[in-house]
There are 2 protein chains.
Amino acid sequence: MKPFDKVAIIGVGLIGGSIGLAAKRKGLAREVIGVCRHKESLQKARKKGALDKGTLDYKEAVRDADLVILAAPVRQIIKLAGEIAPYIKEGALVTDAGSTKSDIVSNLDKISRGKGFYFVGAHPLAGSEQRGVAKARADLFEGARCILTKTKATNPSALRRASAFWQEIGSRTTVLSPQEHDKVVALISHLPHLAAVELVKTARSVLNFSSSGFLDTTRIASSDAEIWTDIFFTNKKFVTQAIDNYIKQLKLTKDLIRKEDKSRLSTEFKKVKSLRDGLRK
Amino acid sequence: MKPFDKVAIIGVGLIGGSIGLAAKRKGLAREVIGVCRHKESLQKARKKGALDKGTLDYKEAVRDADLVILAAPVRQIIKLAGEIAPYIKEGALVTDAGSTKSDIVSNLDKISRGKGFYFVGAHPLAGSEQRGVAKARADLFEGARCILTKTKATNPSALRRASAFWQEIGSRTTVLSPQEHDKVVALISHLPHLAAVELVKTARSVLNFSSSGFLDTTRIASSDAEIWTDIFFTNKKFVTQAIDNYIKQLKLTKDLIRKEDKSRLSTEFKKVKSLRDGLRK
């Protein structure tokens with residue numbers, strides 16, 4: 001794809017920093033400018049080569065940018081979008097990396113319509129329990145899925161350009177509605193996160209006995225608290241549904257254990273094993 | 001420690017094979033003989049150097065052995081112990097690697113008393129979702145915890161010898177009663193296993209979206225069905241209690257999400273993150 005003249009990354013953490021590194025490595029931007037609230041993050045990001053320039057001034061970062069990428073926790077994205085919208089160039093492409101999409105997309109669809117820029121929501125299913133630009137990697141998105149959103153307000157050519165950008169930095173893109181996206185991640189990301197957190201709480205008195213199985217199963221419970229409260233609150237409906245379904249499954253299995261129903265329990269375990277074995281490592 | 005003249009390993013899979021490899025590497029046995037139902041496992045084990053000799057005949061394996069190690073699924077251990085007991089040498093040390101301890105230890109305490117050998121229950125918290133001697137490794141127990149059991153029937157000198165053996169092959173040993181053991185593993189191993197299984201079931205319709213977080217959290221759901229039904233049925237009381245407590249925690253968190261109680265939810269997440277960060281990697 002033709003490189004963007006100026007890419008502005010709003011939020012220079014693990015995700016924002018990795019986007020900068022990948023975009024520069026792949027030659028997708030003549031200039032990458034990053035903005036965030038912390039001077040040290042900007043310095044680290046420049047040192048790593050994730051940015052050509054860092055600034056604390058959102059206005060300066062966004063001015064004349066052809067591509068603006070919002071890489072912050074969900075509610076910050078919504079708040080920031082409102083603040084920077086007046087300074088975004090007409091015709092610019094705006095995308096994001098927020099973990100839930102319904103709230104972000106409905107807000108940004110509204111804002112962008114009034115201001116003459118194009119918004120395409122995105123969620124790269126990459127990252128980890130770690131945060132901060134120090135952990136950023138040019139290959140973070142390599143082979144990872146990135147879900148892009150499409151609504152009635154989405155401009156088809158903007159969607160193509162946004163898809164091309166996320167693909168160029170390594171992701172496998174899929175297009176869903178914001179609601180479909182939120183339902184999928186409730187099951188594949190938000191519920192597992194809660195499951196891990198509650199395992200740590202439930203086993204709190206015996207954590208000194210943890211083995212490798214427990215460590216793997218609960219790795220994501222080390223994630224950042226602020227990011228995750230945002231995620232759960234902006235995906236309340238699907239997350240609470242997912243918890244209800246999960247509890248239902250747990251109760252069914254508890255019942256099979258109570259009754260020592262070996263044939264049904266082992267059939268269930270075999271089905272699950274074959275589903276899990278089928279997922280790429 | 002002084003090497004054993006003859007060590008018999010009953011069940012030559014991931015655990016039995018790894019015990020053989022480790023015992024031979026550390027010079028803990030003049031001869032290691034393995035027994036199981038499958039000729040191919042014995043051949044593989046001999047090829048890997050986990051055994052000096054393999055046999056399908058339990059009687060032959062056990063005869064004159066100074067150390068007998070039962071490395072099979074829980075209910076098979078109980079069944080096999082009854083069958084081989086008449087052939088175990090008087091004064092021999094018998095230990096096991098079963099994943100639950102109350103049933104095994106109460107059975108073996110009874111059997112050993114009548115037959116003049118010494119039993120000390122053990123559970124190495126090692127292994128993985130894989131099984132079979134092909135995956136056996138001499139360093140499987142290196143740094144892993146091994147819980148040994150102590151009851152009124154336990155001979156103190158046998159407990160010391162069993163501890164020394166498990167330590168020599170690399171484990172960090174701890175002594176608990178069988179009931180304490182079963183309560184600990186219900187929380188640190190059995191509940192996480194179920195949590196992973198139910199996550200796969202709940203997210204079954206969207207598994208093609210799994211990211212690295214989901215894969216880690218559900219790795220142990222790939223474990224063997226037969227081994228795990230045994231585990232759950234022989235630890236029913238503590239496992240069902242653990243499930244109940246887990247469901248209680250999930251419901252509390254669901255409520256905080258429903259009410260958007262940011263301060264309490266993020267306090268909880270921070271507490272859990274600090275507990276989880278504190279565990280060795």
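The C-alpha centres of domain 1 and domain 2 of chain A sit 31 Å apart. Domain 1 covers 4-176 and domain 2 covers 181-277, with bounds that come from an automatic or database domain assignment. The model is a predicted one, where local features need pLDDT of at least 70, side-chain atom pairs count only at pLDDT 80 or more, and totals for chains, interfaces and linings use all residues. As for labels, residues are numbered from 1 along each chain as its sequence is written, while chains are lettered from A and ligands numbered from 1 in the order in which they are written.

Where the two domains of chain A touch, 14 residues come from domain 1 and 15 residues from domain 2; contact here asks that the C-beta atoms of two residues, placed from the backbone, lie within 7 Å. On the domain 1 side, the elements giving two or more residues are helix 4 (74-84), helix 5 (102-115) and strand 8 (145-149) of chain A. Helices (H or I, at least four residues) and strands (E, at least two) are DSSP runs, numbered from the N terminus. The classes are simple: Ala, Val, Leu, Ile, Met, Phe, Trp, Tyr, Cys and Pro go down as nonpolar, Asp, Glu, Lys and Arg as charged, and the others, Gly among them, as polar.

Strands 7 and 8 of chain A run antiparallel and are joined by three bridges, and A:A122 has A:L148 in strand 8 as its bridge partner.

Over in chain B, six strands make an open, parallel sheet in the order 3-2-1-4-5-6. Its edges are strand 3 (53-55) and strand 6 (118-120) of chain B, each with a single partner strand, so one side of each goes without a neighbour in the sheet. Strand 2 (residues 29-35) and strand 3 of chain B pair in the parallel sense over three bridges, and B:K53 in strand 3 is the bridge partner of B:I33. Helix 1 (residues 14-25) of chain B lies across strand 1 (4-10), strand 2 and strand 4 (67-70) of chain B, at about 165° to strand 2. Helix 5 (residues 102-115) of chain B lies across strand 5 (93-96) and strand 6 of chain B, at about 170° to strand 6.

Between the chains, the contact takes 70 residues from chain A and 69 residues from chain B. Helix 7 of chain A gives the most to its side, with 15 residues. By class, the chain A side has 37 nonpolar, 17 polar and 16 charged residues. Chain A can be laid on chain B with an RMSD of 0.0 Å by a turn of 180° and a shift of 0.0 Å along the axis, the relation of a two-fold axis. The superposition is by least squares on the C-alpha atoms of residues with pLDDT of at least 70 in both copies. In chain A, the C-alpha nearest the axis belongs to A:T217, at 2.0 Å. Of the interface residues of chain A, 99% are also interface residues in chain B, so the copies meet through the same surface.

Conventions: Pairing = 2+ DSSP bridges. Axes fitted to C-alpha atoms, helices over the stretch in contact; angles between N-to-C directions.
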